[in-house]
Amino acid sequence: MINYNEAINVVDTHLLTLISELYGLSDYDIRRIGAHEGGRNIVYTCEQAGLEPRILRVSYLNDRSREDMLGEVEFIRYVWGHGGSVPDVISSMKGNLLEEITHEGRNYWICLFAKAPGMRLADNHYRYRDGVPITEYYYNSGKTLGKLHQLSKEYTAVHRRHHFFDKFNAETISELIPSSLTLLKEKMLELLDTLRTLETNREVYGMIHLDYNDGNYMIDFTTGQITVYDFDNSCFGWYMYDLADLWRSGTGWIAGEPDAGIRKAFMDDYFRIALEGYRSETEITDAMLEKLPLFIDALLMEQIMDVFECMRNAGESPECDEELSYYIRCLEDGIPYLGLFHEIYSSEEPFEAEVRSI
């Protein structure tokens, strides 16, 4: 297992010159973007005056096949080519959407993307467009996701991308979750059993983003258009999973409100507007929307597993901070809606609980 810092050293020292030749980037200023240790990708901005900016991504973990990696970039190219709001995938000088370099027995997967226009909401200090109500943003975030899902319903994969249960299963839970968290494992397995009972027809199940939030899209603050990127976690799954992520994205606007009733009223209004945007592009049945709490729990499962996976990839011993402890308690105790309307929640310390010892 190679860790993030070791991979950076290999790419910077041995691979960047070759990658620049593969993609015609010799005239670009290539700079690495900071990322959390334990992540699976090393990402660079590629900029040069008079040239279109690019985003270079190097994946160094060998836990996915070439077929799976191609499944991601081909879907992005399809969405881009059919009017979805995503950056294009830039082919290499050889005409490939995906390049592979082997160094000392390890494969490194390289993709180049157009840089999404605009900026992240956080980088604009969570200020929306001047003179425009924030409800436009709620609507557009739903509309952009709806367009993505509508195109997914029409998409036929050439190369197979992995499915939800390829990652979220009993074996992976056993590998990632510490043995002392017995109840958590039981609750996760029960959640998976429930998800397996759901339909998987094309109207409810297809390629999803699996990490749809304001950290993974840019906003053009002149027009309000949202451009979605970072499909690294994308897989075949239920569209409701992304909608649950859309719901969770609204919690940040109300996290500091002490009154649970006000928090509830806000979230109902926020999600109603986001759903109006979503339904302007595609359909979602009321029967599936009723499963929102189930998919919010699925989000928690994914987040918990991701944290432990990142610790493993970074070579760290597993431990819980206040946030991870909070999410574990929500799953173990069956507290719905991220605990946002429950007595466990504190507006002074949002989504935090007493640290669990593992």
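Ten aromatic residues, Tyr126, Tyr128, Tyr137, Tyr138, Tyr212, Tyr217, Phe221, Trp253, Phe266 and Tyr270, come together in one aromatic cluster. The model is predicted, so local features need pLDDT of at least 70 and side-chain atom pairs count only at pLDDT 80 or more, while totals for chains, interfaces and linings use all residues. Residues are numbered from 1 along each chain as its sequence is written, and side-chain values use heavy atoms, with hydrogens and water left out.

**Aromatic pairs**

- The whole structure holds 29 aromatic pairs, where rings of Phe, Tyr and Trp (its six-membered ring) pair if their centres lie within 6.5 Å, and planes under 30 degrees apart count as stacked, over 60 as edge-to-face and the rest as tilted.
- Tyr126 and Trp253 make an edge-to-face pair, 6.1 Å centre to centre with 85° between the planes.
- This pair links distant parts of the chain, 127 residues apart: Tyr126 is in the loop between strand S6 (106-114) and helix H3 (135-153), and Trp253 is in the loop between helix H7 (239-249) and helix H8 (260-279).
- Helices (H or I, at least four residues) and strands (E, at least two) are DSSP runs, numbered from the N terminus.
- Tyr126 is partly exposed at 41% relative accessible area, and Trp253 is partly exposed at 29%; buried means under 20%, exposed over 50% and partly exposed in between (1.4 Å probe, protein chains only).
- Phe164 and Phe165 also pair edge-to-face, because their ring centres are 5.4 Å apart and their planes stand at 85°.
- Phe164 is buried at 2% relative accessibility, whereas Phe165 is partly exposed at 24%.

**Charges over rings**

- Arg196 lies over the face of Phe165, 4.7 Å from the ring centre; a charge counts here if NZ of Lys or CZ of Arg is within 6 Å of the ring centre and within 35 degrees of the ring normal.
- Lys264 places its charged end over the ring of Phe341, 6.0 Å from the centre.

**The second largest pocket**

- About 300 Å³ of space lies in this pocket, an open set of points on a 1 Å grid over the protein atoms alone, where a 1.4 Å probe fits, with protein on both sides within 12 Å along at least five of seven lines.
- Lining residues have an atom within 4 Å of a point; there are 14 of them, and Asp63, Arg64, Asp166, Lys167 and Glu309 are the closest to the pocket centre.
- Helix H4 (164-167), helix H5 (170-176) and helix H10 (292-313) each give two or more residues to the lining, and H5 gives the most, with 3 residues.

Technical notes: Points joined across faces, edges and corners; volume = space filled by probe spheres on them.
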